Each structure stands twice: as structure tokens, then as C-alpha cells.
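Colleague: I am new to this one. Could you show it to me and then take some questions on the terms used for it?

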2 protein chains.
Amino acid sequence: MTYCVGLLLEDGLVMLSDTRTNAGVDNISVFGKTYLHEQAGERVLALLTAGNLAVTQAVWNRLQEGVRLDGVATTLAQVPSMFRAAQLVGAAVREVFEADGPGLRAQGIGFDVAILLGGQIGAAAPRLFLVYAAGNFIEATADTPFLQVGEHKYGKPILDRVLNPTTPLADGVTLALISMDSTLRSNLTVGLPIDLTVIRRDALAVALKRRITEDDPYFAFLRQRWSESLREAYQALPRPDWLG
Amino acid sequence: MTYCVGLLLEDGLVMLSDTRTNAGVDNISVFGKTYLHEQAGERVLALLTAGNLAVTQAVWNRLQEGVRLDGVATTLAQVPSMFRAAQLVGAAVREVFEADGPGLRAQGIGFDVAILLGGQIGAAAPRLFLVYAAGNFIEATADTPFLQVGEHKYGKPILDRVLNPTTPLADGVTLALISMDSTLRSNLTVGLPIDLTVIRRDALAVALKRRITEDDPYFAFLRQRWSESLREAYQALPRPDWLG
């Protein structure tokens with residue numbers, strides 16, 4: 001499996017993905033799931049992918065070579081807006097489904113893909129989308145300023161409780177890392193290293209691209225301190241007086 | 001859906017279930033999912049059920065009327081050990097599958113059931129089992145002293161981090177309630193009220209059976225305080241210095 005999360009904040013985007021892929025639990029590999037398209041000063045887009053690796057790699061390759069959008073072969077360098085970028089990613093997903101769906105079905109394998117697309121093009125505001133296997137998509141809003149794909153449940157409670165659009169970028173990074181930590185601890189199919197991308201609003205460039213390994217001092221400290229904090233918070237809670 | 005969790009502690013058992021059932025999100029009802037069998041001084045057993053309500057109610061009814069175990073109609077009052085009790089629950093699940101499986105399949109409905117069985121019979125130690133739809137089962141051990149059925153992912157990280165067999169019963173109650181709270185907040189298909197059962201080791205009786213509603217002062221305080229604690233813990237964490 002996979003865990004990817006994207007945060008749409010007033011100050012920009014925080015995008016975090018793990019790198020574990022598995023064909024059965026006895027065949028585990030490291031593959032990056034974050035793809036960046038950056039034209040400094042003009043546009044910056046990040047794709048975070050979950051699902052069948054052959055499908056997600058095919059989607060990215062087609063996006064490089066051009067996907068037919070309204071009959072015209074188009075790349076991420078050419079779309080005029082994030083909405084059109086989401087349509088293009090959806091079109092790429094549908095192209096891969098047309099090409100590989102029957103072959104997968106013949107082997108009893110589902111067409112499994114979900115993609116987070118975040119970024120900014122020109123002067124328009126940053127946007128964050130989740131593109132489904134059907135090629136359609138939803139968009140994060142101020143009410144729900146984060147989107148997840150893959151093993152989303154373990155890491156959702158902390159986001160539900162704390163995140164809002166005014167959360168500063170550095171706080172968003174910490175929150176995304178806590179959310180990832182909860183997932184890493186409880187689910188073996190999500191694994192280190194993890195890839196962090198930060199896009200500041202109106203910078204039209206990647207502010208930070210960092211691969212975080214087991215040895216990363218900040219992440220290691222965060223994991224340990226968060227565990228301790230949870231234990232302390234739980235210890236500090238009163239116990240029920242009706243238990244006797 | 002459902003969330004049920006059972007903790008097997010040195011001091012006894014903590015069993016907690018929600019009460020929400022749904023046939024689609026537009027048809028939500030309250031049904032208890034905790035069933036108790038108590039013969040004070042001799043045995044006490046608790047079943048917590050997840051899955052198709054018609055299946056789980058049929059399992060409980062068959063356990064009352066007697067299920068064939070090694071050719072003899074047997075009830076929970078008659079089994080000599082918790083292992084035999086788990087076999088009996090598994091046999092009841094298989095009887096329901098034989099009776100209703102074809103009818104369900106004809107309607108395209110899966111045979112969906114999972115049951116936590118905790119309890120103590122006589123002088124033997126308390127035990128905790130998870131019985132699957134196939135009628136087979138696993139047992140909690142000191143390495144993993146809790147079992148869950150239903151929507152288990154949201155509430156698992158806190159148990160993974162904190163629980164161990166020496167956790168006192170009152171602490172176990174608090175932990176189970178935190179685990180349930182995380183699930184309630186992030187998943188609408190799990191809902192209040194919740195049913196808490198506590199079985200003290202060697203008491204051979206139910207120590208506490210409590211239905212916890214939205215108005216329960218302890219649970220309301222716990223939910224609020226836990227949320228505050230998480231926010232405070234997150235606020236107290238340092239932010240990454242490599243973000244600039």
C-alpha cells in the first residue's frame with residue numbers, strides 16, 4: 001500500500017508520500033511516488049500517487065509525452081490552470097485504463113490508482129485535487145483542507161482535530177509528519193523513506209524537496225517525542241470514578 | 001460499520017463496542033453489539049459483534065438454543081473452557097453460513113461477520129479471541145494484548161503505542177475510550193452510544209456494564225481533554241529548522 005497526504009494551506013502546499021511498494025508482503029521495494037513539474041516563476045505541480053505501480057508510472061510517462069485533452073496532445077507544461085491540470089491527469093488515467101485495463105482484468109487484477117495533484121500556475125491560487133481511477137476528481141476546500149490517498153485511516157484523526165487553512169507551513173509539515181508516523185507504526189505496507197515537498201504560495205517554485213530517512217534527526221526526534229507526548233497525555237487523564 | 005475492541009490485561013478484560021448499524025448511510029439505527037453470558041461464580045463471557053446484523057443476531061440466537069459441537073447441541077453454559085467457547089462461537093457462525101450463506105449470495109451480499117469473545121470459565125485465566133466468518137479464530141497474547149473488529153484503523157495507533165498486559169483495568173478503560181473516540185470522530189459509520197463491559201480476573205461476574213451516551217460526563221470530558229492534549233502536544237513540538 002501507500003500513504004500520501006496533501007495539505008492546502010493559506011501559505012501554500014505540504015505534500016508527503018511514503019516510498020513502499022509491495023507485490024505481496026514478501027516482495028517489498030522502495031519507489032518514489034512524488035513527481036514534480038517545475039517551471040520556476042511560471043508553474044509548480046506535484047503529483048503523489050497510490051495504487052498499482054505500473055499504472056502510476058504509466059500515468060506519469062504519458063503526462064511527459066502528452067495526453068489528449070479535447071483532442072490535442074497536451075503536457076503539464078501547457079495547461080492554463082490547475083483545473084485543466086487535474087483534467088489532464090484524469091485523461092492520462094483514462095488513457096492508461098484504455099491501454100492496460102483489459103490486460104489487468106484478464107489477470108484478475110483491478111485498475112487501482114489514486115493521485116493527489118497540488119500546485120500553482122501563474123497568479124491563480126494554489127489548489128489541491130484528488131484524481132480517482134475513473135479520471136474524475138475532487139478538490140480540497142477551506143472546510144477540508146487536506147486530501148489523502150492509500151492507507152489514510154491511521155493518520156486521519158490528528159488532521160481532523162488540528163488542521164485548518166490558517167495553519168502555518170512549518171506547522172503543516174510537522175502535522176503531516178505526525179500523520180505519516182501514525183501510519184508507519186500501525187501498517188507495514190507503508191514504509192520509510194518518505195518524500196516531503198513544500199510549495200510556498202506565489203513562489204512558483206519548489207520551496208523544499210526532502211527525502212526523510214530513518215536517520216533524519218528531526219523526524220526521529222518527532223517520532224519519539226510524539227509517542228512520549230501521547231503517553232504523557234494519556235497518563236494525565238483522570239480515570240473513570242464509576243469503575244470502583 | 002462497527003468498532004469493537006477487547007483488551008486482555010493481567011487484571012481482567014475491557015470490552016467496548018459501538019451501537020451504530022447502517023443499511024446505507026441514509027438508514028442508521030442503534031443496536032447493541034455486546035452480548036453477555038454470566039453465571040456468577042462460575043463463568044462470564046462477553047461477545048462483541050461486527051458485520052451483517054442479521055448474521056450476528058442469528059449467531060447469538062443459535063448460541064442460546066444450542067449449537068452442534070462434536071455432534072452434541074451445546075450452549076455457552078456448557079462449554080468447559082474458553083477454547084471450547086471459541087469453537088462453539090465458530091460453529092454457530094458456520095451454522096448461520098450454512099443456513100443463510102446461499103440466500104445472501106443469491107442477492108450479491110457477502111457473509112460478513114467477526115466476533116470478539118472474551119471471558120473466564122472457572123479457575124482458568126481469562127482469554128480473548130477473535131472469531132472470523134470462516135468460524136476459525138485467533139487469540140490475544142501478551143505480545144498483542146488487544147483485538148479489534150470493524151473499523152479498527154483509526155483507533156489502533158494509541159493502542160499500539162501505550163497498551164501492555166500490565167496496564168491496570170481503569171487505565172485500560174480510558175485507553176479503550178480514547179481508541180473509540182478517534183474512531184467516532186473520523187468515521188460516521190461508528191456511533192454513540194457505546195457499551196462498555198469490564199470483567200475482573202477471578203471475579204467470575206461482570207464488574208461493570210455501562211452504556212455511555214453523548215451526555216456521559218466522564219466520556220464527554222475525556223473527549224474534550226484528549227483533543228486539547230493532542231493539540232497541546234503538537235503545539236509543543238519543535239518545527240523543522242530545515243524549512244527556513
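Modeller: This is a predicted model. Helix H4 (residues 169–186) of chain A lies across S1, strand S2 (12–17), strand S13 (194–200) and S14 of chain A.

Colleague: How is helix H4 of chain A oriented to S2(A)?

Modeller: H4 runs at about 20° to S2(A). Angles run from 0 to 180 degrees between N-to-C directions.

Colleague: What is the order of the strands in the open sheet of chain A?

Modeller: The order is S12-S1-S2-S13-S14, 5 strands with antiparallel pairing.

Colleague: Why are strand S12 (146–150) and strand S14 (208–212) of chain A called edge strands?

Modeller: Two strands pair if at least two bridges are found between them. S12 and S14 of chain A each pair on one side only, and they are the edge strands.

Colleague: What makes S1 and S12 of chain A a pair?

Modeller: The cut-off is at least two bridges. Strand S1 (residues 3–9) of chain A is joined to S12(A) by 5 bridges, so the two count as paired, and they run antiparallel. Within S12(A), Val149(A) stands opposite Cys4(A).

Colleague: How do you know that the two copies are related as by a two-fold rotation axis?

Modeller: Chain B is superposed on chain A by a rotation of 180° with 0.0 Å of shift along its axis, at an RMSD of 0.0 Å. The relation is therefore as by a two-fold rotation axis.

Colleague: Which residue of chain B comes closest to the rotation axis?

Modeller: Tyr154(B), with its C-alpha at 2.4 Å.

Note on methods. Residues are numbered from 1 along each chain as its sequence is written. Chains are lettered from A and ligands numbered from 1 in the order in which they are written. This is a predicted model: local features need pLDDT of at least 70, side-chain atom pairs count only at pLDDT 80 or more; totals for chains, interfaces and linings use all residues. Side-chain values use heavy atoms; hydrogens and water are left out. Helices (H or I, at least four residues) and strands (E, at least two) are DSSP runs, numbered from the N terminus. Contact means heavy atoms within 4.5 Å. Copies are superposed by least squares on the C-alpha atoms of residues with pLDDT of at least 70 in both.
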